[in-house]
Amino acid sequence: MEMAKIGPGIAGGNNRQTLTDEDGEGRHLFKKWCDEAGLEMGVDEMGTMFARREGTDPAALPVYVGSHLDTQPTGGKFDGVLGVLGGLEVIRSLNDLGIKTKHPIVVTNWTNEEGTRFAPAMLASGVFAGVLEQDWAYARQDAHGKHFGDELERIGWKGSEKVGARKMKAFFELHIEQGPILEDEEIEIGVVTHGQGLKWLQVTLTGMEAHTGSTPMYKRRNAGLGMARVTELVHEVAMDYQPDAVGAVGHMEVYPNSRNIIAGRTVFTIDIRSPEKEVLDAMDGRVREGIATICEALDISFEIEQVGHFDPVAFDTDCVKAVRDAADRLGYSHRDIVSGAGHDACWINRVAPTAMVFCPCVDGLSHNEAEEIYPEWAAAGCDVLFHAVVETAEIVE
């Protein structure tokens, strides 16, 4: 709740988008708390923060834990933040109890997980994992033409550490579920076994601007109608691959956006997801084929750019077991679950053994200022996180 005071939203949540002044302020507060916990802070060239608690064997590979502090423009207080501050709480608890671990533990704040200001999402973790190029990431632009690299320098959080140089024994990420399953089933802990694959497509449809009153219906080249039909198409495709596939049109722009001008151009994004690669690829193919058919019928042109993608993820079986065993020991109800959202853990899983812990959120609501969790849910998630991380880091008697 202290972090949520930085970058408040307009309806009780947060607007602390990546590389804004508010993001910089949140980072300073996190660093202050890390300093007070005796942690050594490192920052890489993508601005990712790494707060290290030393182990008894400094040469042992560290156990990493964390998530992200950036939010959506109308984001909640807990998405990402719970995982970063939950990691810090692990450290504080170890300090309070005087527990030493063989392996160092590093609390991490990944830069630009949300991808709302600079697409794609999970940008810094993607560079860390070697799936995205750093120069390409620096060149990403926001809606005002500002570049990621420039804004990172402007807020003063461009570090000198080479991205991806760190080696990990394991990575754990605590997160709210961002869906309704755990709450609906009255389950306290989600043991995340897989992450859905995702494709983001940015579509531009180009027709012809014309007067809405004097242009006959059969003469119209309506890009707005094309967007509407593609929106319906995406829904139909997702429904054909139930129960796990999802799809929707999200961001939408209409030009010239005047009440008495037929839209001559629309730009919008399609988000499709599935835990099965074959299904995700099939959905992608059907959406692209459908767009071509729709545009031919309406005499409009189209461009499709893939602006985000990752394949479905299977998290490390040993790390997943550590989470499940911790929930068992602590007596928390739990179930295996597939993450419907993308997380930094999805990229880090490529370079280190990784697992996630989910706790419920009220009504499954996230990416919304009304996002809410109960303290007992946060406590349960942090308890399980603590046990999984400390077991992996190995207590020294």
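Predicted model: local features only at pLDDT ≥ 70, side-chain atom pairs only at ≥ 80, totals over all residues.
Me: Which residue in E13 does glutamine 202 stand opposite?
Reply: Residues are numbered from 1 along each chain as its sequence is written, and side-chain values use heavy atoms, leaving out hydrogens and water. Strands (E, at least two residues) and helices (H or I, at least four) are DSSP runs numbered from the N terminus. In E13, the residue opposite glutamine 202 is glutamate 305.

Me: And which residue in E12 does glutamine 202 stand opposite?
Reply: Strands count as paired if DSSP finds at least two bridges between them. E8 (residues 197-206) and E12 pair in the antiparallel sense over 10 bridges. In E12, glutamine 202 stands opposite threonine 269.

Me: What is the order of the four strands in the open sheet?
Reply: Nine antiparallel bridges join E8 to E13, and eight join E10 (residues 246-255) to E12, also antiparallel. E10 and E13 are the edge strands, each pairing on one side only. The order is therefore E10-E12-E8-E13.

Me: How many of the 10 residues of E12 are buried?
Reply: Buried means under 20% relative accessible area, exposed over 50% and partly exposed in between, using a 1.4 Å probe and protein chains only. Strand E12 (residues 265-274) is largely enclosed by the rest of the structure, because its count of buried residues is seven.

Me: What angle does helix H8 make with E8?
Reply: Axes are lines fitted to C-alpha atoms, for helices over the stretch in contact, and angles run from 0 to 180 degrees between N-to-C directions. Contact here means heavy atoms within 4.5 Å. Helix H8 (residues 277-298) lies across E8, E10, E12 and E13, and its angle to E8 is about 10°.

Me: Within what arc do the buried residues of H9 fall?
Reply: In H9 (residues 317-330), the residues Cys319, Val320, Ala322, Val323, Ala326 and Ala327 are buried. The arc is taken from the directions from the helix axis to the C-beta atoms. Seen down the axis, these buried residues line one face of the helix, because they fall within an arc of 155°.

Me: Which residues are exposed on the other side of H9?
Reply: The buried residues of H9 pack against several elements, including strand E6 (170-176) and helix H11 (375-393). On the other side of H9, the exposed residues are Thr317 and Asp318.

Notes. Expected span 1.5 Å × (residues − 1).
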